[in-house]
Amino acid sequence: MADQRGFRPFEFLRDAARTSPWVASAIALHVCLIAGAAIFYTAQPEQPKVEEPFTWRTAKEQPVEEPIPPEVPPVRTAIPVQEHVEIAPIDNFVVDQDFTEDLTKEVGDPNSDSMDA
């Protein structure tokens, strides 16, 4: 059956601290650090704003930019047609492999020493 007592936050926090104490202590440490930082932040007096006198300034003359000439498009030619085209059929895929080496034997000399150079 469902718990009829409702949500009890202190009981929930106590159970969470019992099942994972490292997480609970890490959360508590972060809460303390944030609270301390908030106290130090609000304890500093606000700096008075210094108003500068308003002065009118005119904009400097902007140099006249010369327009950029348009790019000359490159000369393109058609791809040359090849008279002799060799197309290999997909069914006749051949790979040249050399099977002269006996792969059933062990590789290397088992009696050799690493100091033999």
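Q: How is the accessible surface of the protein chain worked out, and what does it come to?
A: Accessible areas come from the Shrake-Rupley method with a 1.4 Å probe, and for residues only the protein chains shown count as cover. Here the protein chain has about 13800 Å² of accessible surface, with 61% belonging to carbon and sulfur atoms. This is a predicted model: local features need pLDDT of at least 70, side-chain atom pairs count only at pLDDT 80 or more, and totals for chains, interfaces and linings use all residues. Residues are numbered from 1 along each chain as its sequence is written, and side-chain values use heavy atoms, leaving out hydrogens and water.

Q: What share of the residues counts as buried?
A: Buried means under 20% relative accessible area, exposed over 50%, and partly exposed in between (1.4 Å probe, protein chains only). Of the 117 residues in this protein chain, 0% count as buried.

Q: How many helices and strands are there?
A: Both are DSSP runs numbered from the N terminus: helices are H or I with at least four residues, strands E with at least two. This protein chain has 2 helices and 0 strands. Helix α2 covers residues 21-43 and reaches 33 Å from its first C-alpha to its last. That is close to the 33 Å expected at 1.5 Å a residue, where the expected span is 1.5 Å times one less than the number of residues.

Q: Which side chains meet in a salt bridge?
A: Side chains of opposite charge can pair when their charged atoms come close. The rule asks for a side-chain nitrogen of Lys or Arg within 4 Å of a carboxyl oxygen of Asp or Glu. R8 and E11 form such a bridge at 4.0 Å, N to O. R8 is partly exposed, at 40% relative accessibility, and E11 is partly exposed at 24%.
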